[in-house]
Amino acid sequence: MSKKQVAMVMDLNKCIGCHTCSIACKTLWTRREGMKHMWWNTVNTQPGEGSPHGWENMGGGFRDGEPQRGFRPSEADFGTAWDFNHDEVFHGGNEDAFLHANYGEWNSGENWKGPNWDEDLGGGEYPNSYYFYLPRICNHCTHPACLEACPRKAIEKREEDGIVLINEDRCSGYRFCQEACPYKKIYFNETLEVSQKCIFCFPRIDEGVTTACSRQCPGRVRFVGYLDDPDGPIYKLVHEHKVALPLHAEYGTQPNVFYVPPMSSPKMDAEGNPTDESRIPLEYLESLFGPRVKEVLDKIESERQRVASGEESELMDLLISRKWLDMFGPFTKHPRDVVSASPVRIVDPAQTAKVDVVRIMDIRSKS
Amino acid sequence: MKSRRVKDIEAYRNPLAAEWRQETVEYVKMAATPMAMQPTAYIRNSRANMLHGQVSELQVASVHDGETLALALSWEGVAPPGRDFPDAVAVTFPVRGNPILMLMGSKNDSIHILQWKAGKGVRSLLANGIGLSDKGPELKIASRAEEDGKRWRVVITRVLGQGANVAPVVPGHETKIGFAVWSGINDERAGLKSFSLDWIPFAVDA
């Protein structure tokens with residue numbers, strides 16, 4: 001058990017599916033060899049297959065405290081990366097050219113999937129079709145199935161903040177962690193023959209800078225802080241107002257990423273008039289976030305009504321995130337300031353997972 | 001088991017060399033590693049109803065030329081291409097003390113491993129317990145492998161002698177040897193393998 005636990009809350013009512021978080025993460029962390037297919041941060045349309053495709057049916061996690069068998073997602077399951085054919089499309093004069101280089105091979109093989117291939121398909125029938133976005137990172141679980149599965153003790157949970165890291169120097173590429181993780185958020189680097197995953201931007205966290213995905217989010221979706229810090233946003237949303245819920249808590253790993261479930265437009269009747277029924281089926285949301293979804297949605301609705309009638313609501317102020325930096329608990333420093341104060345920092349190699357810490361400066365965050 | 005002294009090792013580097021046919025072949029009985037000894041509950045639970053360690057026999061012959069030791073290893077079971085984990089074989093020697101093979105040694109009683117993996121060649125590892133193997137000492141090692149779709153024939157060579165963490169294999173002396181085989185077709189890796197149960201006396205001709 002770590003002394004403190006860093007955590008994230010994502011408000012799904014504000015996610016617009018722009019993938020800025022994914023790009024921020026990709027740019028910062030997954031540009032090394034063997035990482036093309038890796039998106040440590042993904043944003044998927046729900047309902048949908050997710051990323052990797054069908055991950056909710058790949059097993060792992062715990063039942064009654066016992067580890068459950070899981071399956072290893074393949075690179076194709078995550079969505080094989082492809083190269084773009086920009087030159088031919090824009091300058092080649094061939095009107096039949098596809099933007100996707102090697103389109104024929106891609107379209108005929110097993111590697112046809114992308115990380116969010118069913119984007120915006122969603123569910124329901126017109127005029128009651130619906131979808132919402134579900135961003136996901138490693139959950140840095142309190143009871144990490146990956147860590148417990150590894151025969152080489154290559155995965156550690158940092159005592160100071162509960163961040164779960166793979167030590168690539170110890171990893172032998174056995175991939176039991178991939179099988180055991182029920183969220184399927186561990187990737188395998190076939191070039192380096194090691195498992196890799198979201199590191200909760202720990203070199204930034206160590207310097208008081210929040211994660212790249214949260215700081216870059218235009219929708220102000222992501223709150224970051226310590227789970228047990230009563231003055232921080234995480235504690236308030238999870239424990240005080242109780243509006244942030246874990247994803248698939250039944251997997252038994254005690255994830256430390258929480259979600260404010262999405263409110264829904266009303267269903268339309270045959271005449272096109274709004275009904276009292278929610279367009280996003282409650283049962284579907286409960287299948288993701290558990291039995292407290294209705295209670296949470298009712299609470300948010302009632303707080304909205306209070307604000308609409310002129311009253312004050314701490315919860316609404318928090319969710320609106322009027323003060324941007326209030327979203328990040330103690331991690332409010334600007335990366336530029338950290339870098340200028342300490343351009344090169346040596347980090348214990350046992351903890352870095354071969355991360356190039358200097359790349360903390362890669363993302364020029366908004367001020 | 002013994003390693004016969006020959007004039008020159010070079011021809012023996014080829015696992016299909018006619019020279020190997022002159023040598024005595026030892027048939028080493030192999031068995032699946034016990035499930036109870038797998039190091040994590042995940043592995044024990046997830047593999048409880050799956051087979052591993054199905055290679056029941058490893059054929060071994062050995063020669064040396066005073067400088068280099070050659071071990072010819074042959075077993076049935078060639079995984080088709082595209083498996084996540086390669087077929088592999090390992091030769092183990094005690095470095096010092098009296099390590100227990102089934103426990104992969106202990107903190108002070110190390111085991112020196114030469115592990116060959118299909119498509120990757122041979123590497124030196126040092127084990128100090130289950131799940132506690134790491135990069136081993138540097139020494140001159142090499143391998144060549146052939147397969148016919150059914151049977152692997154692998155020759156592993158290493159320089160004779162001893163050094164810090166290099167298990168002593170010295171002409172005129174006896175040591176102990178152990179073996180392990182991983183089958184890619186069964187997703188075997190780490191402790192999921194067949195092994196030779198205990199040490200086998202291994203005499204190196206003077």
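A salt bridge here is a side-chain nitrogen of Lys or Arg within 4 Å of a carboxyl oxygen of Asp or Glu. We're working on a predicted model, where local features need pLDDT of at least 70, side-chain atom pairs count only at pLDDT 80 or more, and totals for chains, interfaces and linings use all residues. Residues are numbered from 1 along each chain as its sequence is written, chains are lettered from A and ligands numbered from 1 in the order written, and side-chain values use heavy atoms, with hydrogens and water left out.

**Exercise 1. Find the partner of A:Asp206 in a salt bridge, and say where both residues sit.**

Step 1. The partner is A:Arg158, with the closest N and O atoms 2.8 Å apart.

Step 2. Now place them. A:Asp206 is in the loop between helix 7 and helix 8 of chain A, while A:Arg158 is in the loop between strand 6 (155–157) and strand 7 (164–166), 48 residues away. Helices (H or I, at least four residues) and strands (E, at least two) are DSSP runs, numbered from the N terminus.

Step 3. Check burial: buried means under 20% relative accessible area, exposed over 50%, and partly exposed in between (1.4 Å probe, protein chains only). A:Arg158 is buried at 2%, whereas A:Asp206 is partly exposed at 37%.

**Exercise 2. Describe how chain B meets chain A.**

Step 1. Start with contacts, meaning heavy atoms within 4.5 Å. 19 residues of chain B touch 19 residues of chain A.

Step 2. Next, area: about 1,700 Å² is buried between the two chains, and carbon and sulfur atoms give 49% of that. Buried area is the accessible area (1.4 Å probe) that two parts lose on being put together, summed over both. On the chain B side, B:Tyr42, B:Asn45 and B:Arg189 lose the most, together 35% of what that side buries.

Step 3. Then the charges. The interface has seven salt bridges; among them, A:Glu193 pairs with B:Lys120 at 3.1 Å between the closest N and O atoms. Helix 1 (41–46) and strand 9 (133–135) of chain B each give two or more residues to the side touching chain A, and helix 1 gives the most, with five.

Step 4. Another salt bridge is B:Asp134 with A:Arg170, 3.2 Å between the closest N and O atoms. B:Asp134 lies in strand 9 of chain B and A:Arg170 in the loop between strand 7 and helix 6 (176–180) of chain A, so this pair joins two chains.

**Exercise 3. Follow B:Arg83 to its salt-bridge partner and on into a network.**

Step 1. B:Arg83 pairs with B:Asp187, the closest N and O atoms being 3.2 Å apart. These two are 104 residues apart.

Step 2. B:Arg83 is partly exposed at 36%, but B:Asp187 is buried at 14%.

Step 3. Widen the view: A:Arg72, A:Arg175, A:Glu179, B:Arg83, B:Asp84, B:Asp187 and B:Arg189 are linked in a network of salt bridges.

Step 4. B:Arg189 also lies over the face of A:Phe176, at 3.8 Å from the ring centre. For that label, NZ of Lys or CZ of Arg must be within 6 Å of the ring centre and within 35 degrees of the ring normal.

**Exercise 4. Work out how enclosed helix 1 of chain A is.**

Step 1. Seven of the 10 residues in this helix (residues 20–29) are buried, so helix 1 of chain A is largely enclosed by the rest of the structure.

Step 2. The buried residues include A:Cys21, A:Cys25 and A:Trp29.

Step 3. Their cover includes strand 2 (42–46) and helix 8 (212–216) of chain A.
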